Amino acid sequence: RGSRTLGRERWALRTRSNPLCARAHARTMSALVIAAARRSSGAFSRALAASPWAVTHGASATPREPAWTRRSSSSATSSSAAQSEAMSAFRERLAEGPDFGDFVRGDELPGTAYSLAAPKNLRDKSVRKPPWMKRTIPGGDRYTEIKAKLRELKLSTVCEEARCPNLGECWGGGDGHTATATIMIMGDTCTRACRFCAVKTSKTPPPLDPEEPENVAKAIAAWGLDYVVLTSVDRDELPDQGAGHVAETIRRLKSSAPDLLVEALTPDFRGEAELVREVAASGLDVFAHNVETVPELQTEVRDRRANWDQSVGVLRDAKRFVPSLITKTSLMLGLGETRPQVVNALKLLREAGVDVVTFGQYMRPTKRHLAVKEYLTPEAFEAYKKIAEDMGFLYVASGPMVRSSYRAGEYFLENVLKQRKAEAAKATA
């Protein structure tokens with residue numbers, strides 16, 4: 001006979017001869033009977049009839065429910081009551097609604113009202129990207145036309161180099177939106193290495209293309225765009241850091257298309273005021289320079305040669321040299337900044353005379369770049385937009401997918417520029 005059969009026989013013999021084993025066996029069978037009873041009354045009857053309990057106490061005897069099951073039931077009841085009370089209190093708080101102070105402090109709001117957790121690393125599949133962070137693949141006739149022209153004239157765009165999720169939407173225009181393209185001049189290689197940026201870096205990038213200003217003007221004229229954004233890499237190795245090249249490109253654009261609205265998203269030129277003046281006085285309509293993040297995170301996020309005071313100084317100088325200029329900057333969120341830090345950053349920007357601010361969700365380009373700390377909800381972006389508008393900013397774009405050049409030619413901003421031009425022409429008439 002097999003070893004299993006012998007084992008069962010030895011266990012049965014030990015149980016009959018040892019009262020402690022017999023009682024333990026009875027308790028075990030009792031627990032099994034009660035569990036079966038909870039699943040089905042029919043199963044309970046069959047199990048009871050065949051159990052040692054029925055043999056010892058009679059088929060009509062009913063085993064008493066163990067104390068541990070009674071304690072579990074009472075514990076579950078009290079837990080359910082506590083959850084019900086907590087839910088009632090939460091509904092009351094929602095009905096009252098959070099105020100501005102609640103939003104800034106954050107301690108009076110449910111966590112998911114502000115942000116969702118980001119994956120701890122690229123292998124973490126337990127946290128999915130929120131649905132509002134998803135975009136369709138760009139395409140369409142306008143997109144194909146612009147891309148072909150870029151390749152023909154050997155031009156780069158920050159839309160492609162920085163892997164912008166809004167590329168198709170901005171290039172295509174339509175739906176009441178102004179078609180916008182962001183041309184990246186002075187090459188596709190930067191001398192700085194910010195920890196959030198996907199653009200290539202090198203201490204010695206290729207030399208500037210002297211024909212680039214003319215090629216940019218030709219491309220924009222062929223596309224028939226209403227609004228163009230020029231951005232550039234940093235070129236710290238050049239004597240003027242590329243300020244002359246940027247200014248010349250703007251002058252060529254204005255010469256070929258006088259009604260074209262031009263925004264320049266410039267480097268910081270290491271804070272040198274004369275270089276800022278050269279670009280500001282070149283005829284552009286919007287002078288943009290990004291502070292990128294709040295003052296407290298500058299050293300963690302940006303290249304060591306960039307900082308908050310230097311960037312804000314560039315924006316202040318541009319407005320000082322050309323008071324009619326609209327100045328603009330952008331903040332990425334989701335890098336670990338706090339709500340009071342964001343509000344304080346807005347106050348500092350407004351004090352510096354900045355007119356336009358944009359907010360967008362930071363998205364990690366590759367595993368070599370800074371990790372996302374949190375995904376802010378659309379409601380949080382809307383709250384920041386309201387705060388900025390109440391501070392007096394001329395225009396605010398705020399949303400998870402917004403980037404510094406996102407719909408830069410938005411109808412409102414375009415109208416503001418045209419209105420200012422009309423007023424200036426009327427004043428000189």
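Q: Which residues does L346 touch, leaving out those up to four places away in sequence?
A: In this predicted model, L346 touches L331, V357, F359, I387, A388, M391 and F393, once residues up to four places away in sequence are left out.

Q: Where does L346 sit, then?
A: L346 is in helix α15, and with a relative accessibility of 0% L346 counts as buried.

Q: And how far apart are the C-alpha atoms of L346 and F393?
A: The C-alpha atoms of L346 and F393 are separated by 9.3 Å, although the two residues are 47 residues apart along the chain.

Q: At what angle do α15 and α16 pack?
A: Helix α15, residues 339-351, and helix α16, residues 378-391, pack at an angle of about 30 degrees, and their axes are 10 Å apart. That angle makes α15 roughly parallel to α16, and the crossing of the two helices is right-handed.

Q: Which residues of α15 and α16 make the contact?
A: On the α15 side they are R339, V342, V343, L346, K347 and R350, while α16 contributes Y384, I387, A388 and M391. Sorted by class, the residues of this contact of α15 with α16 comprise 7 nonpolar and 3 charged, with no polar ones.

Q: OK, switching to α14: how many of its residues are buried?
A: Of the 14 residues of α14, 11 are buried, so this helix is largely enclosed by the rest of the structure. The buried residues are W308, Q310, S311, V312, G313, V314, L315, D317, A318, K319 and F321.

Q: How far does α14 reach from its first C-alpha to its last?
A: Helix α14, residues 308-321, reaches 20 Å between those two atoms, which is close to the 20 Å expected at 1.5 Å a residue.

Q: What about α11, what span should its 14 residues have?
A: At 1.5 Å a residue they should span 20 Å, and the end C-alpha atoms of α11 are 20 Å apart, which agrees. The buried residues of α11 are A243, G244, H245, V246, A247, T249, I250, L253 and K254.

Q: How do α11 and α12 cross?
A: The axes of α11, which covers residues 243-256, and α12 come within 8 Å and cross at roughly 10 degrees, and that makes α11 roughly parallel to α12. In the contact, A243, G244, V246, A247 and I250 of α11 meet L275, E278 and V279 of α12. By class this contact of α11 with α12 has 6 nonpolar residues, 1 polar and 1 charged.

Q: Going back to touching residues, what does L230 touch?
A: With residues up to four places away in sequence not counted, L230 touches I183, I185, V216, T249, I250, L253, V262, E263, A264 and L265. Among these, T249, I250 and L253 are also listed as buried residues of α11.

Q: Where is L230, and is it buried or exposed?
A: L230 lies in strand β6, residues 227-232, and at 2% relative accessibility L230 counts as buried. The C-alpha atoms of L230 and I185 are separated by 7.0 Å, and these residues are 45 residues apart along the chain.

Q: Which residue has a phi near 70 degrees?
A: That is M186, where phi is positive in a residue other than glycine. Most residues other than glycine have a negative phi. M186 lies in the loop between β3 (180-185) and β4 (189-190), and at 2% relative accessibility M186 counts as buried.

Q: And what is the phi of R270?
A: R270 is not a glycine either, yet R270 has a positive phi of about 55 degrees. R270 is placed in the loop between β7 (261-265) and α12, and its relative accessibility of 36% counts as partly exposed.

Q: Last one, how many helices and strands are in the protein chain?
A: The protein chain has 17 helices and 12 strands, and buried residues make up 44% of its 429 residues. Among its contacts between residues at least 6 apart in sequence, 74% join residues at least 24 apart.

How values were computed:
Residues are numbered from 1 along each chain as its sequence is written. This is a predicted model: local features need pLDDT of at least 70, side-chain atom pairs count only at pLDDT 80 or more; totals for chains, interfaces and linings use all residues. Side-chain values use heavy atoms; hydrogens and water are left out. Axes are lines fitted to C-alpha atoms, for helices over the stretch in contact, and angles run from 0 to 180 degrees between N-to-C directions. Helices (H or I, at least four residues) and strands (E, at least two) are DSSP runs, numbered from the N terminus. Angles under 35 degrees count as roughly parallel, over 145 as roughly antiparallel, 65 to 115 as roughly perpendicular and the rest as oblique. A crossing is left-handed if the near helix is turned anticlockwise from the far one by less than a right angle, and right-handed if clockwise. Contact means heavy atoms within 4.5 Å. Ala, Val, Leu, Ile, Met, Phe, Trp, Tyr, Cys and Pro count as nonpolar, Asp, Glu, Lys and Arg as charged, and the others, Gly among them, as polar. The expected span of a helix is 1.5 Å times one less than its number of residues. Buried means under 20% relative accessible area, exposed over 50%, partly exposed in between (1.4 Å probe, protein chains only).
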